[in-house]
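User: I'm new to this structure and would like a close look at one part of it. Could you pick a helix and walk me through how it sits among its surroundings?

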Amino acid sequence: FSEAMSGQEVLGRYMTKVHTDLDKTDCAICCDKLSEASSYGDGHPEAYEAIQLSRCSHQFHKLCLLTMYNSSHKDDSLQCPSCKMIYGEKTGICPPGNMSWKIMSGNSLAGYEGYNTICVTYHLSSGIQGPEHPQPGQPYTCRGFPRQGFLPDCDKGRKVLKLLMEAFRRRLMFTIGISHTTGEPNTVTWNEIHHKTELHGNQSGHGYPDPNYLDNVLQELAAYGITEDCLAT
Ligand code: NAD
Ligand code: ZN
Ligand code: ZN
């Protein structure tokens, strides 16, 4: 584990300074021109510093980006607010738990006849929120666990399984917040990586058949920076 770095150091890895055409570009964070001061830096000597992210080249006030980073859970990664490109390894705030999977043989999902089914299970339990959570020190609840998701045991389904495991390792699978379904605050919810929670039928809208599911979940994983490249190392 690396020592926690300051926001300045983290930004420094991913940005370069820019000096030209500052009056032609707006900062997408504060919406002022880059030639004017950052709204977050009144009177600060660095308020006029403009930077550009190294790979996507989007430009911002340095102080605006620093403020954005410091209001996140400071995991040493940065996501471009303009194009969502991820710098570093984005992690989430999923509380402790475990993930396991098993093959259910002789059990096919609609649309994947002839294939076995992979059943993924998540065990999480209630606890006290940590400093990275919305209400540190307050309890959080954990409803409907263990939760299960189903994948076809085909090549693409197995690839999705590996990427889901990486997402879980990076604490991205669940988050703590308000449940859309129940309105309950301070509870564990899914975090934008969809699972098919119905084995047979589609009463909830989260079942099979759905010919686009594997591609959709691959896109959701990619939005967090989790792609096949992550599995190479
Ligand atoms: P949520 O309602 O805040 O929604 C978060 C995400 O989960 C959304 O993207 C949504 O599309 C997705 N989602 C909603 N219902 C889903 C389902 N049945 N299967 C797969 N994905 C689903 O998320 P949440 O609070 O985590 O609730 C998700 C589901 O969990 C609920 O529909 C419900 O089936 C179950 N749940 C059960 C209990 C319980 O006490 N048994 C309590 C709360 C939620
Ligand atoms: Zn700005
Ligand atoms: Zn960008």
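This is a predicted model: local features need pLDDT of at least 70, side-chain atom pairs count only at pLDDT 80 or more; totals for chains, interfaces and linings use all residues.

**A close look at helix α3**

Analyst: Let's start inside the helix: Val-160, Leu-163, Leu-164 and Ala-167 are the buried residues to look for in α3. Seen down the helix axis, the buried residues of α3 fall within an arc of 110°, so they line one face of the helix.

Now for the helix as a whole. α3 covers residues 155-169, which makes 15 residues. At 1.5 Å a residue α3 should span 21 Å, and its end C-alpha atoms are 22 Å apart, which agrees. After α3 comes Arg-171, with a positive phi near 60°.

What does the buried face pack against? For α3, the buried residues pack against β7 (117-124), β10 (147-152) and α4 (213-223). These names come up again in the largest nonpolar core, a set of 24 residues. Leu-163 and Ala-167 are among the residues with the most contacts inside this core, along with Leu-172, Met-173, Ile-193 and Leu-221. The elements giving two or more residues to the core are β7, β10, α3, β11 (174-177) and α4. Of these, α3 gives the most, with four residues. As a general point, nonpolar side chains tend to be buried together in soluble globular proteins.

Leu-172 is worth a stop of its own. Leaving out neighbours within four places in sequence, Leu-172 is in contact with Ala-167, and also with Thr-91, Gly-92, Cys-94, Asn-191, Ile-193 and Tyr-224.

Leu-63 is one of the buried residues of α2 (residues 62-70), together with Lys-62, Cys-64, Leu-65 and Leu-66. The buried residues of α2 pack against α1 (7-14), β2 (50-53) and β3 (59-61).

Gly-88 sits in the loop between β5 (86-87) and β6 (97-104), and lies 8.6 Å from Tyr-14, C-alpha to C-alpha, although the two are 74 residues apart in sequence. Not counting residues up to four places away in sequence, Gly-88 touches Asp-76, Ser-77 and Leu-78. With 14 C-beta neighbours inside 10 Å, Gly-88 counts as partly exposed.

To place all this, step back to the chain. There are five helices and twelve strands in it, and its C-alpha atoms fill a box of roughly 65 × 40 × 35 Å along the principal axes. Of its 233 residues, 23% count as buried. Among contacts between residues at least 6 apart in sequence, 58% join residues at least 24 apart.

One last stop is ligand 1. There are 13 residues around ligand 1, and Arg-143, Gly-144, Ser-179, Thr-181 and His-206 come nearest. By class, the shell has one nonpolar, eleven polar and one charged residues.

Technical notes:
Residues are numbered from 1 along each chain as its sequence is written. Chains are lettered from A and ligands numbered from 1 in the order in which they are written. A residue is near a molecule or strand if its C-beta atom, placed from the backbone, lies within 6 Å of it. Ala, Val, Leu, Ile, Met, Phe, Trp, Tyr, Cys and Pro count as nonpolar, Asp, Glu, Lys and Arg as charged, and the others, Gly among them, as polar. The expected span of a helix is 1.5 Å times one less than its number of residues. A residue is buried if 20 or more other C-beta atoms lie within 10 Å of its own, exposed if 12 or fewer, and partly exposed in between; C-beta atoms are placed from the backbone. The arc is that of the directions from the helix axis to the C-beta atoms. Two residues are in contact if their C-beta atoms, placed from the backbone, lie within 7 Å. A nonpolar core is a set of buried Ala, Val, Leu, Ile, Met, Phe, Trp, Tyr and Cys residues joined through C-beta atoms within 7 Å.
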